[in-house]
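Hi,

Here is the structure I said I would pass on.

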Amino acid sequence: MVQGELSALAPAKVNLSLRITGKRADGYHLLDSVTVFTDFGDRITVAPSDQRTLTVEGPFAAGIPTDEGNLVLKAANALCRETGQDLGARITLTKSLPAAGGIGGGSSDAAVTMHMLNCLWGLGLSAQDLARIGVALGADMPVCLHGRPCRMQGIGEDLTDLPPLPPIGILLANPGEACETPAVFKARTGPFSPGFPDFAPGQSAQDLAEALADHPNDLTPAAQSVCPAIGPLLATLDTLPGRLIARMSGSGATCFALFETVAAAQEAQRSINQPGWWVQAGGLLR
Ligand code: C5P
């Protein structure tokens, strides 16, 4: 049991590659994805309280639910159900990432909340317990609970750690339009991809970009049909000086470009001046 307030980053999740390898009888798709996390994102703060409450603030707070419609409260409630206790916490979510953007914002918020409430409430739940409870809340929950670079398979529950990533800079860009995940999976057509053979990130940013080159994001055409703004966004990222690769993350609409260094990604950020777009440069958690 912790007495004071706890606060942590809820990073953006980025699918550097996303192959769709099949579909289960229940409609969920089988994935093979190289998944990483940025060193920037939302922030979750939890503090002791008699009540269980959620306050949302920050640049992307508008329209984010503060009731059970928010995955953060769903996760808190799931922990209470699991342990048979009605526990209180004052949870604050500072929303700095665009919602419904293919970068796991809601899942990352909920995953970090689960880790912090596990500490605050002294529940002693293991990583396996949290993953089991989390996957019932969403397919992105296990990887966000894991929070480290990994290869993600199954519908998102089968995780294998990757060797440490080389130093690299990343630029995320979102066109300012929500892109709902179920609509994108529904719009996907065509054959399934083979998974990729063992993935090695290599020693340099260049190695990593080369290793990813033949493993794109299979959801890109479907996401572009749902959200046409992705096309011009990708075209802009693809022409940035110094970019190693540019592609979409998850089910979109957020796209990313990789650079040799964080400084190069920051320079690229300064060169983009498109009203309505959200653009953020930084590094990856390695
Ligand atoms: O599990 P989650 O709520 O994040 O998924 C949202 C929707 O995305 C699912 O209802 C499903 O339509 C689709 N999805 C899928 N296969 C996955 C993950 C998500 O078809 N592996």
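Let me begin with the second largest pocket, which is lined by His 115, Ala 127, Gln 128, Ala 131, Pro 142, Leu 145, His 146, Glu 157, Leu 159, Thr 160 and Asp 161. (A pocket is an open set of points on a 1 Å grid over the protein atoms alone, where a 1.4 Å probe fits, with protein on both sides within 12 Å along at least five of seven lines; lining residues have an atom within 4 Å of a point.) This is a predicted model, where local features need pLDDT of at least 70, side-chain atom pairs count only at pLDDT 80 or more, and totals for chains, interfaces and linings use all residues. Numbering runs from 1 along each chain as its sequence is written, and side-chain values use heavy atoms, with hydrogens and water left out.

Now the ligand: the space it takes is the largest pocket. That pocket has 42 lining residues, with Leu 71, Ser 107, Asp 140, Thr 181 and Pro 182 nearest its centre.

Around the ligand (a heavy atom within 4 Å of it) you'll find Gly 27, Tyr 28, His 29, Leu 31, Gly 138, Ala 139, Ile 155, Thr 181, Pro 182 and Phe 185.

- Tyr 28 has a polar side-chain atom 3.1 Å from a ligand oxygen.
- Ala 139 has a polar backbone atom 2.9 Å from an oxygen atom of the ligand.
- Ile 155 places a backbone N or O atom 3.2 Å from a ligand nitrogen.

Cheers

Terms used:
Polar contact = N/O pair within 3.5 Å; in protein donor to acceptor, adjacent residues only side chain to side chain. Sits in = over half its atoms within 2 Å of the grid points.
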